[in-house]
Amino acid sequence: MDSEVKEEIPVREEFILCCGAETQVLKCGPWTDLFDDQSASRPKLLVFIITDPNGQESKDTYGLRGQVEHKIAFLRAHVPKEIKLVIVGHSIGCYISLQILKLAPELPIIHSFLLFPTIERMSESPNGRIATPLLCWLRYALYLPAYLLLKPCPGMIKSWLIRMVLQRMNLQTEFSLLNVCEPFCLVNAAYLGAQEMMQVVKRDNEIIKEHLSKLTFYYGTIDRWCPTEYYEDIKKDFPDGDIRLCEKKIGHAFILSSSQDMADVVADWLNDYLSKTEIRTEGNKD
């Protein structure tokens with residue numbers, strides 16, 4: 001990736017209704033509605049990024065299965081079938097990415113990049129052994145303090161606290177993080193986390209085997225959610241797979257300190273992949 005070539009790409013934050021819930025979507029690119037735009041400049045490829053999610057509306061509003069259904073519903077409703085999809089998943093987003101491949105085979109997904117994939121044995125990982133009792137058994141004790149302390153707190157104070165934390169960590173963000181201080185969001189995140197600890201246990205080798213040619217796994221060397229042991233195990237089970245180990249000591253929560261490094265890595269992979277395919281596109285990312 002040529003670091004000297006910089007292109008100004010518009011970035012927008014939108015809220016849409018999906019599965020009955022107001023859903024935040026970040027869009028990169030000049031396109032607003034891919035169905036309405038029938039011009040020759042409409043992209044042939046969409047990069048869809050799935051991060052650690054917040055709960056959204058579905059049969060199990062804030063559950064793990066609900067998150068999978070929510071992403072599938074979004075793609076079916078907002079991406080024309082003729083536009084190819086590249087999915088970038090991070091953490092539990094990798095589990096969701098694999099489930100999308102399994103449950104929505106009609107979606108034109110040509111490749112998935114799975115970053116620091118929490119797709120197995122979450123409760124047995126170093127962080128999982130700490131998080132499991134907190135999320136599964138003790139989270140109820142946190143609900144009342146969260147509502148009592150944060151609910152009456154004015155938005156101005158919440159915003160100031162977030163800015164102070166980001167400044168101390170030398171971080172910047174283009175979009176509002178105010179919802180991280182909302183009790184409703186914290187409670188939903190804890191519920192979702194508990195389901196992850198209980199349900200993400202055994203790696204789904206059938207999905208991986210069926211779609212191995214369109215999967216790239218990226219494991220960390222300092223990742224306490226999916227340690228190198230998990231990398232070695234999946235590498236042994238799928239010796240022909242594109243399974244890589246990070247050489248840059250990037251942490252699991254790379255968005256906090258190594259977002260540009262990780263973006264450069266994925267951009268290089270994507271450019272290399274597209275150079276070997278018949279797709280030629282300016283690209284778009286939702």
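**Reading the features in turn**

Colleague: Which residues of helix α2 are buried?

Modeller: The buried residues of α2 are I92, G93, C94, Y95, I96, S97, L98, Q99, I100 and L101. Buried means under 20% relative accessible area, exposed means over 50%, and partly exposed lies in between (1.4 Å probe, protein chains only). Helix α2 is thus mostly covered, with 10 of its 12 residues buried. This is a predicted model, in which local features need pLDDT of at least 70 and side-chain atom pairs count only at pLDDT 80 or more, while totals for chains, interfaces and linings use all residues. Residues are numbered from 1 along each chain as its sequence is written, and side-chain values use heavy atoms, with hydrogens and water left out.

Colleague: What span does helix α2 reach from its first C-alpha to its last?

Modeller: Helices (H or I, at least four residues) and strands (E, at least two) are DSSP runs, numbered from the N terminus. The expected span of a helix is 1.5 Å times one less than its number of residues. Helix α2 comprises residues 92-103, and its 12 residues reach 17 Å, close to the expected 16 Å.

Colleague: How many bridges join strands β1 and β2, and in which sense do the strands run?

Modeller: Two strands pair if DSSP finds at least two bridges between them. Strand β1 (residues 11-18) and strand β2 (residues 21-28) run antiparallel and are joined by eight bridges. Within this pairing, I16 stands opposite T23 of β2. The hairpin of these two strands has two residues between them, and C19 there takes a positive phi near 55 degrees.

Colleague: In which sense do strands β3 and β4 pair?

Modeller: Strand β3 and strand β4 (residues 84-90) pair in the parallel sense, over six bridges. Here F48 is the residue opposite I87 in β4. Strand β3 (residues 45-50) has five of its six residues buried, so the rest of the structure largely encloses this strand.

Colleague: How is a pair of aromatic rings described, and how many aromatic pairs does the structure hold?

Modeller: Such a pair is described by the distance of the centres and the angle of the planes. Rings of Phe, Tyr and Trp (its six-membered ring) pair if their centres lie within 6.5 Å; planes under 30 degrees apart count as stacked, over 60 as edge-to-face and the rest as tilted. The structure holds six aromatic pairs. In one of them, F113 and W269 have ring centres 5.7 Å apart and planes at 25 degrees, so this pair is stacked. F113 belongs to strand β5 (residues 109-115) and W269 to helix α9 (residues 259-275), so the pair ties together parts that are 156 residues apart in sequence. F113 counts as buried at 2% relative accessibility, and W269 is buried with a relative accessible area of 11%.

Colleague: Is the pair of Y218 and W269 stacked or edge-to-face?

Modeller: The ring centres of Y218 and W269 are 5.0 Å apart and the planes stand at 75 degrees, so the pair is edge-to-face. Y218 lies in strand β6 (residues 215-219) and W269 in helix α9, so parts that are 51 residues apart in sequence are tied together. Ring pairs also link F113, F116, Y218, F254 and W269 into a cluster.

Colleague: How many salt bridges does the structure hold?

Modeller: A salt bridge is a side-chain nitrogen of Lys or Arg within 4 Å of a carboxyl oxygen of Asp or Glu. The structure holds 12 salt bridges. One of them joins the side chains of K27 and E14 at 3.2 Å, N to O. K27 lies in strand β2 and E14 in strand β1, so the pair ties together parts that are 13 residues apart in sequence. K27 is buried, with a relative accessible area of 10%.

Colleague: What is the distance, N to O, in the salt bridge of E229 and R121?

Modeller: The side chains of E229 and R121 meet at 3.6 Å, N to O. E229 lies in helix α8 (residues 228-237) and R121 in the loop between β5 and α3, so parts that are 108 residues apart in sequence are tied together. E229 counts as partly exposed at 43% relative accessibility, whereas R121 counts as buried at 17%. Both residues belong to a network of salt bridges that links E120, R121, R203, E229, D233 and D237.
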